[in-house]
Amino acid sequence: MVLTRMGDGSFVEMSEAEIRKEIEAGVAEGAKRAKCPPLTEDDMERLMEIICEPRKFVSVERGNELVLTYDSQPLKFTRLGLPIAMPQILQTYERALMADSLEMAYVHYSAKPVKMILPEEQYAVAETLLTTTPALLYGVMPNMPMYTKPDGPCENASELMPKGLIKEAQEAQLETAALLEDDLLLLGRNMYEAGADGLDFDTTAAGGDAEFYAVLRAVEKLREQYPKMNIEVGMSGEFILGFHGSLQYKGERLAGMYPHDQCRMVAAAGGSVVGAVVNTNTRKSFPWNIARSLTMCKYAAEVSPIPVHANVGMGVGGVPMQITPPIDCVSRASTAMAEIGKLDGL
Amino acid sequence: MAIVHSQASGMGGIRTAGDLVARMQLAKSMRLNDAKKFVADKLKVSLLDLTDEVTMREVREDLDIANVFMGYGAGSRGIEAKANISKLLELEINCVEKFKKKTGMLFK
């Protein structure tokens with residue numbers, strides 16, 4: 001019997017035959033949802049080996065390593081209650097945690113609050129750049145709902161839609177998206193002027209297709225103004241929620257896009273690297289979740305014109321939904337994404 | 001989480017050549033294998049050397065592009081190392097360009 005876990009992190013024992021069935025079911029579900037090819041027999045065999053490996057920790061074979069980018073490095077230390085300033089946290093990532101890249105970010109991690117403390121954030125970026133070596137991105141979540149009532153000036157589409165005010169809800173989202181786009185441009189320009197290598201717009205489209213639209217337009221404008229800016233767009237989910245429903249970018253409807261199409265759109269806007277996300281189902285097993293996630297991410301990496309970094313963390317990329325993600329699952333997901341998914345990074 | 005990924009599949013950051021490969025992905029949208037080959041060619045090492053901390057410490061010291069040891073007696077660090085990386089990879093690095101502009105320095 002093999003000891004593995006469920007998507008909520010709890011242990012479960014399965015026979016190898018049961019694990020194979022879970023993998024096949026996860027692959028089939030991923031291929032069906034994203035309308036993409038399934039993993040090959042060889043891929044599933046390799047995934048069996050990775051999952052059934054009896055050791056707690058699994059790693060790639062030498063030569064199969066990939067690049068790591070991050071979402072808000074300072075936040076990870078703040079969460080632990082460690083009173084360390086942001087520049088020192090990034091130095092720690094650089095010299096003690098083997099980080100391939102750095103990401104400065106405000107603890108709230110949303111774009112809107114950073115506006116109020118922009119000079120202080122620029123200082124932290126400029127100060128850190130003097131003493132660190134890897135590329136440094138400034139990261140924010142677009143978090144479009146922060147611009148709607150009661151937190152912001154725009155009408156709240158999720159209150160208008162249940163009343164049947166669909167047109168009004170769509171117009172409110174466009175107004176909200178325009179405010180978000182302005183803020184993303186403001187942050188992008190100011191952080192680049194402070195010396196940052198670029199930006200990471202993380203958890204993009206959590207507010208639906210209008211949020212994705214605002215981010216794509218911001219990326220396009222930043223790319224036009226700063227041709228050499230490093231721009232990463234990390235997505236928030238495997239599926240673009242159609243809160244607006246009709247928004248198009250470069251002639252393509254955004255609602256309903258799965259990772260491979262999301263990656264194409266980010267590339268079309270001028271993004272340098274894109275982060276693909278597949279959500280974890282807590283009621284399904286780890287073998288099912290990682291197989292499903294790999295199916296979508298592998299295809300996204302195959303068709304994307306730019307590097308794809310899969311998001312492999314709490315509740316995404318096959319990893320159980322836990323604030324303390326189990327190392328056995330994270331190391332297996334990490335290894336599988338590199339060796340089976342052929343991702344450019346995580 | 002960051003520790004698990006760095007041990008399971010990460011390239012190793014400035015302990016090896018991970019930061020250099022990451023730079024080529026982020027700045028030029030190079031796919032992983034292309035970025036690794038580009039960096040290996042520039043460093044004149046093999047692909048496997050890129051993640052070998054023993055080889056890479058010597059290479060990084062020789063090229064003066066910083067590694068994890070930044071105590072007294074260490075070579076270039078931070079912005080100094082990035083100026084050397086910019087020349088090595090023939091890549092404009094935003095903060096290095098700003099440093100040159102602010103100081104009026106022109107690097108050969």
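Predicted model: local features only at pLDDT ≥ 70, side-chain atom pairs only at ≥ 80, totals over all residues.
When neighbours within four places in sequence are left aside, A:C297 is in contact with A:P259, A:A276, A:V278, A:A310, A:M337, A:G341 and A:L343. In soluble globular proteins, nonpolar side chains tend to be buried together.

Helix 11 of chain A also packs against helix 10 (residues 259–269) of chain A, the axes lying 8 Å apart at an angle of about 30°. Because angles under 35 degrees count as roughly parallel, helix 10 of chain A and helix 11 of chain A are assigned to that class. The crossing of helix 10 of chain A with helix 11 of chain A is right-handed. Helix 10 of chain A takes part in this contact through A:P259, A:H260, A:C263 and A:R264, and helix 11 of chain A through A:M296, A:C297, A:Y299, A:A300 and A:V303. By class, the residues of the contact of helix 10 of chain A with helix 11 of chain A are seven nonpolar, one polar and one charged.

A further pair is formed by helix 8 (residues 166–193) and helix 9 (residues 209–225) of chain A, whose axes come within 8 Å and cross at roughly 35°. This crossing of helix 8 of chain A and helix 9 of chain A is likewise right-handed. Among the residues of helix 8 of chain A that meet helix 9 of chain A are A:L180, A:L184 and A:G188, while those on the side of helix 9 of chain A include A:Y213, A:R217 and A:L222. The contact of helix 8 of chain A with helix 9 of chain A has eleven nonpolar, three polar and four charged residues.

A:E339 lies in helix 12 (residues 327–339) of chain A, and this residue is classed as buried because 20 other C-beta atoms lie within 10 Å. Not counting residues up to four places away in sequence, A:E339 touches A:R46, A:V60 and A:N64. The C-alpha atoms of A:E339 and A:L184 are separated by 35 Å, the two residues being 155 residues apart along the chain.

Between the chains, the contact takes 48 residues from chain A and 42 residues from chain B. On the side of chain B that touches chain A, two or more residues are given by each of helix 1 (2–8), helix 2 (18–28), helix 5 (78–89) and helix 6 (94–103) of chain B. Helix 2 of chain B gives the most to this side, with eight residues. By class, the side of chain B that touches chain A has 21 nonpolar, 13 polar and eight charged residues.

Note on methods. Residues numbered from 1 in each chain as written. Chains lettered and ligands numbered in written order. Axes fitted to C-alpha atoms, helices over the stretch in contact; angles between N-to-C directions. Helix = DSSP H or I, 4+ residues; strand = E, 2+ residues; numbered from the N terminus. Left-handed = near helix turned anticlockwise from the far one by under 90°. Contact = placed C-beta atoms within 7 Å. Nonpolar A, V, L, I, M, F, W, Y, C, P; charged D, E, K, R; others polar. Buried ≥ 20, exposed ≤ 12 C-beta atoms within 10 Å, placed from the backbone. Parallel < 35°, antiparallel > 145°, perpendicular 65-115°, else oblique.
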